[in-house]
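Here is a brief report on one protein chain. It covers surface, fold, core, pocket and one backbone angle.

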Amino acid sequence: MSELKSNRSIMQELALSQFPKELIERVFENIAEGIMITDRYRRILSINVAFEFVTGFKLEEVQGEKPSILQSGVHDRAFYIDMWKQIGKTGIWQGEIWNRRKTGELYPEWLTILAIKDEAGKITNYCGIFTDLSERKIVEDELEKKISS
(Lines give C-alpha, C1' and ligand atoms only; values in the text may rest on other atoms or scores of the structure.)
Protein backbone atom coordinates (compact mmCIF):
# COMPACT_ATOMS: atom_id res chain seq x y z
CA MET A 1 0.00 0.00 0.00
CA SER A 2 2.78 2.49 0.86
CA GLU A 3 4.44 1.67 -2.47
CA LEU A 4 1.16 2.56 -4.17
CA LYS A 5 1.04 5.88 -2.29
CA SER A 6 4.62 6.75 -3.21
CA ASN A 7 3.99 5.87 -6.86
CA ARG A 8 0.86 8.02 -6.79
CA SER A 9 2.81 10.90 -5.18
CA ILE A 10 5.51 10.66 -7.83
CA MET A 11 2.88 10.66 -10.57
CA GLN A 12 1.17 13.71 -9.02
CA GLU A 13 4.47 15.58 -8.79
CA LEU A 14 5.31 14.72 -12.39
CA ALA A 15 1.86 15.82 -13.49
CA LEU A 16 2.16 19.12 -11.61
CA SER A 17 5.61 19.77 -13.03
CA GLN A 18 4.11 19.68 -16.53
CA PHE A 19 1.96 22.74 -15.77
CA PRO A 20 3.30 26.27 -16.08
CA LYS A 21 4.44 27.79 -12.77
CA GLU A 22 1.95 30.62 -13.28
CA LEU A 23 -0.97 28.17 -13.34
CA ILE A 24 0.10 26.54 -10.09
CA GLU A 25 0.57 29.97 -8.47
CA ARG A 26 -2.88 31.05 -9.65
CA VAL A 27 -4.52 27.95 -8.14
CA PHE A 28 -2.55 28.47 -4.89
CA GLU A 29 -3.75 32.06 -4.59
CA ASN A 30 -7.40 31.42 -5.54
CA ILE A 31 -8.26 28.22 -3.72
CA ALA A 32 -10.73 28.66 -0.84
CA GLU A 33 -8.68 26.58 1.63
CA GLY A 34 -5.87 28.13 3.62
CA ILE A 35 -2.43 26.84 2.67
CA MET A 36 0.87 27.04 4.53
CA ILE A 37 4.14 25.68 3.21
CA THR A 38 7.11 25.19 5.52
CA ASP A 39 10.65 24.01 5.07
CA ARG A 40 11.76 20.68 6.52
CA TYR A 41 12.47 22.42 9.84
CA ARG A 42 8.83 23.58 9.95
CA ARG A 43 9.60 27.26 9.35
CA ILE A 44 6.91 28.99 7.33
CA LEU A 45 7.97 29.81 3.77
CA SER A 46 4.71 30.71 2.10
CA ILE A 47 0.99 31.15 2.71
CA ASN A 48 -1.93 31.92 0.45
CA VAL A 49 -4.62 34.61 0.51
CA ALA A 50 -7.15 32.29 2.19
CA PHE A 51 -4.66 31.71 5.04
CA GLU A 52 -4.37 35.48 5.48
CA PHE A 53 -8.15 35.91 5.39
CA VAL A 54 -8.87 33.22 8.00
CA THR A 55 -6.00 33.86 10.41
CA GLY A 56 -5.49 37.60 9.95
CA PHE A 57 -1.74 37.10 9.56
CA LYS A 58 0.12 38.47 6.54
CA LEU A 59 3.09 36.64 5.01
CA GLU A 60 5.64 39.07 6.44
CA GLU A 61 4.29 38.39 9.95
CA VAL A 62 4.61 34.60 9.77
CA GLN A 63 7.43 33.95 7.31
CA GLY A 64 10.28 32.26 9.17
CA GLU A 65 8.02 31.49 12.15
CA LYS A 66 6.83 28.01 13.12
CA PRO A 67 3.15 27.02 12.72
CA SER A 68 2.91 27.06 16.52
CA ILE A 69 2.30 30.82 16.10
CA LEU A 70 -1.32 29.71 15.57
CA GLN A 71 -1.57 27.36 18.58
CA SER A 72 -4.68 27.93 20.65
CA GLY A 73 -3.69 26.17 23.86
CA VAL A 74 -6.68 23.83 23.49
CA HIS A 75 -4.55 20.80 22.62
CA ASP A 76 -1.92 19.36 24.94
CA ARG A 77 1.64 18.44 24.05
CA ALA A 78 0.69 14.76 23.57
CA PHE A 79 -1.74 15.78 20.79
CA TYR A 80 1.05 17.39 18.77
CA ILE A 81 3.52 14.58 19.49
CA ASP A 82 1.00 12.03 18.19
CA MET A 83 0.22 14.21 15.15
CA TRP A 84 3.91 14.49 14.15
CA LYS A 85 4.50 10.78 14.81
CA GLN A 86 1.73 9.96 12.33
CA ILE A 87 3.16 12.38 9.76
CA GLY A 88 6.57 10.76 10.22
CA LYS A 89 5.08 7.30 9.77
CA THR A 90 2.54 7.85 6.98
CA GLY A 91 3.42 11.25 5.50
CA ILE A 92 -0.02 12.70 6.29
CA TRP A 93 -2.24 13.79 9.17
CA GLN A 94 -5.86 14.92 8.99
CA GLY A 95 -8.15 16.08 11.72
CA GLU A 96 -9.96 18.84 13.50
CA ILE A 97 -7.77 21.27 15.38
CA TRP A 98 -8.36 24.52 17.23
CA ASN A 99 -6.10 27.41 16.30
CA ARG A 100 -5.86 31.11 17.16
CA ARG A 101 -6.36 34.05 14.82
CA LYS A 102 -4.14 37.14 15.01
CA THR A 103 -6.93 38.79 17.02
CA GLY A 104 -6.66 36.06 19.65
CA GLU A 105 -10.00 34.50 18.72
CA LEU A 106 -10.00 30.68 18.74
CA TYR A 107 -11.45 28.86 15.77
CA PRO A 108 -11.84 25.24 14.63
CA GLU A 109 -10.38 24.04 11.36
CA TRP A 110 -10.13 20.81 9.42
CA LEU A 111 -6.42 20.44 8.77
CA THR A 112 -4.41 18.19 6.49
CA ILE A 113 -0.63 18.18 6.84
CA LEU A 114 1.44 16.52 4.11
CA ALA A 115 5.13 15.70 4.24
CA ILE A 116 6.66 16.55 0.85
CA LYS A 117 9.59 14.33 -0.07
CA ASP A 118 12.24 14.47 -2.76
CA GLU A 119 13.14 11.60 -5.11
CA ALA A 120 15.37 10.08 -2.42
CA GLY A 121 12.49 10.02 0.07
CA LYS A 122 13.90 12.84 2.21
CA ILE A 123 11.39 15.37 3.59
CA THR A 124 11.93 18.76 1.98
CA ASN A 125 8.76 20.58 3.02
CA TYR A 126 5.46 20.30 4.82
CA CYS A 127 2.19 21.57 3.42
CA GLY A 128 -0.77 22.39 5.64
CA ILE A 129 -4.16 22.81 4.01
CA PHE A 130 -7.13 23.84 6.13
CA THR A 131 -10.79 24.81 6.06
CA ASP A 132 -12.23 27.13 8.72
CA LEU A 133 -15.06 25.25 10.47
CA SER A 134 -16.39 28.24 12.47
CA GLU A 135 -19.59 28.74 10.47
CA ARG A 136 -20.26 25.01 10.34
CA LYS A 137 -19.92 24.77 14.15
CA ILE A 138 -22.38 27.66 14.61
CA VAL A 139 -24.93 25.94 12.35
CA GLU A 140 -24.42 22.60 14.15
CA ASP A 141 -24.92 24.29 17.54
CA GLU A 142 -28.12 26.00 16.32
CA LEU A 143 -29.48 22.71 14.95
CA GLU A 144 -28.66 20.95 18.21
CA LYS A 145 -30.51 23.65 20.20
CA LYS A 146 -33.60 23.30 17.97
CA ILE A 147 -33.56 19.50 18.29
CA SER A 148 -33.19 19.72 22.09
CA SER A 149 -36.09 22.20 22.45
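## Surface and basis

The chain exposes about 10,300 Å², by the Shrake-Rupley method with a 1.4 Å probe. Carbon and sulfur atoms supply 56% of that area. Buried residues (under 20% relative accessible area, 1.4 Å probe, protein chains only) make up 27% of the 149 residues.

This is a predicted model: local features need pLDDT of at least 70, side-chain atom pairs count only at pLDDT 80 or more, and totals for chains, interfaces and linings use all residues. Residues are numbered from 1 along each chain as its sequence is written, and side-chain values use heavy atoms, with hydrogens and water left out.

## Fold

The chain has 6 helices and 5 strands. These are DSSP runs, numbered from the N terminus: helices are H or I with at least four residues, strands E with at least two. Their order along the sequence is α-α-β-β-α-α-α-β-β-β-α.

Residues 24 or more positions apart account for 37% of them.

## Nonpolar core

A nonpolar core is a set of buried Ala, Val, Leu, Ile, Met, Phe, Trp, Tyr and Cys residues joined through side-chain atoms within 4.5 Å. The largest one holds 19 residues, and Phe51 and Ile87 touch the most other members. Strand S2 (44-47), helix H3 (49-55), H5, S3, S4 and S5 each give two or more residues to this core. S4 gives the most, with 4 residues.

Beyond its neighbours within four places in sequence, Phe51 is in contact with Gly34, Ile35, Met36, Gly56, Phe57, Val62, Leu70 and Phe130.

## Second largest pocket

The second largest pocket has a volume of about 480 Å³. Its lining comprises 22 residues, with Pro67, Ser68, Tyr80, Met83 and Trp84 nearest the centre. Strand S1 (34-39), helix H5 (77-90), strand S3 (92-100), strand S4 (106-117) and strand S5 (123-132) each give two or more. H5 gives the most, with 5 residues.

A pocket here is an open set of points on a 1 Å grid over the protein atoms alone, where a 1.4 Å probe fits, with protein on both sides within 12 Å along at least five of seven lines; lining residues have an atom within 4 Å of a point. Volume is the space filled by probe spheres set on the points, which are joined across faces, edges and corners.

## Arg42

Which residue other than glycine has a phi near 70°? Arg42 does, and the value is positive. Arg42 sits in the loop between S1 and S2.

Methods: Buried means under 20% relative accessible area, exposed over 50%, partly exposed in between (1.4 Å probe, protein chains only). Contact means heavy atoms within 4.5 Å.
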